[in-house]
Amino acid sequence: RLRGCGSPQKFGVAAGSLRGLLRKGCRLLQLPLAGSRLCLYEDGTELTESYFRALPPQTELVLLGPGESWRGCASDIERLLAAFCSQQGAVVEAARRLLTDERAPHRQKLLADLIHNLSENILAEDKEDDKKWFEGLESRFKNKSSYLRHSCESRMRGYMREVTGFISNVHPSARDAYRAIIDLMADKLKSVKYNGCYFDRREKEEAARLCTAEGWFSCQGPFDRDDCPCKHSINPYSNRESRILFSTWNLDHIIEKKRAVVPELAEAVKTRDGREVNWEYFYQLLFTLDNLKLVHIACHKKTNHNLSCDKTRIYRKRKQTQEIS
């Protein structure tokens, strides 16, 4: 893709050599061949014949005439700022540093996400204010938070079904006690509305550990590290595409549900020997942010986490009752 130094218009040009491309470009843009040269749009690197042959198709190039210079995409920013900014030099230099150092790819991704979302109706909550966001959803959802609450509740109900379905693996002598614990967990989940408030931006105080201003969610990183290596972030309230993409994110159990928590619960019920199983500890591991991380699908490691429950918290002392004489 070829453009002139002072024009945003681009032309598709094909050539087998740098000299051939330069000749075609000069004829197209009406520049003299002598003294003209080609460079990369993004950083101003001047092309050589060997460099030209290594370029991928559709690379954006700038054709410079005699005496013209190009400092990369910062040149476009500089011309834009010249009309209204007295500190254009400092701003251009700051932009250059942001987009050319070793963290530039991450910053470019964040800027692209920001620009994409700026044009969307992020603040709209109700269906009548952003009908496109609700395309493909059941008519019963009247606002964005209600759908995201429902999605979270569905995941929690799914976890509860897995815990219930494990009863066939529990020792027959312990199944009644296991069912009793399931009932206690189910009652607690119902009392907190299946923790759907974590995804309700109208209840930001409850959601603060996952959700930032205006509905942004950040990936909390794989189970074996404290941050996300790729700085994934998303605002599912912004547009339909983001809402669909957010459904691929996972609530990852740090201490794994299937490999560790549920089997440990079954074993605790079986070997309790008069002790009281600390079911609330298992509840926290299964259904709360004490053991759940919100992660981008690329950060969801499905390999064995090799983590186990805290043996000191599996049982608790029975509450003592005192007789009053």
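At 12% relative accessibility, Tyr194 counts as buried. The model is predicted. This briefing covers Tyr194 and Gln58, two residues with positive phi, and then Lys293, a buried lysine that has no salt bridge.

- Most residues other than glycine have a negative phi.
- Gln58 is not a glycine either, and its phi is positive, near 70 degrees.
- Gln58 sits in the loop between helix H2 (49-53) and strand S4 (61-64).
- Gln58 has 57% relative accessibility and therefore counts as exposed, whereas Tyr194, at 12%, counts as buried.

**Lys293: position and charge**

- Lys293 belongs to strand S9, which spans residues 292-295.
- Lys293 is buried, and the nearest side chain of opposite charge is that of Asp226, 4.9 Å away.
- Because a salt bridge requires the nitrogen and the carboxyl oxygen to be within 4 Å, Lys293 has none with Asp226 at 4.9 Å.

**Lys293: what surrounds the side chain**

- The side chain of Lys293 reaches the backbone oxygen of Pro222 at 3.0 Å.
- A polar atom of the Lys293 side chain also lies 2.6 Å from the backbone oxygen of Arg225.

How values were computed
Residues are numbered from 1 along each chain as its sequence is written. This is a predicted model: local features need pLDDT of at least 70, side-chain atom pairs count only at pLDDT 80 or more; totals for chains, interfaces and linings use all residues. Side-chain values use heavy atoms; hydrogens and water are left out. Helices (H or I, at least four residues) and strands (E, at least two) are DSSP runs, numbered from the N terminus. Buried means under 20% relative accessible area, exposed over 50%, partly exposed in between (1.4 Å probe, protein chains only). Lys and Arg count as positive and Asp and Glu as negative; His and the chain ends are not counted. A polar contact is a pair of N or O atoms within 3.5 Å; within protein, one must be able to donate a hydrogen and the other to accept it, and residues adjacent in sequence count only if both atoms are side-chain atoms.
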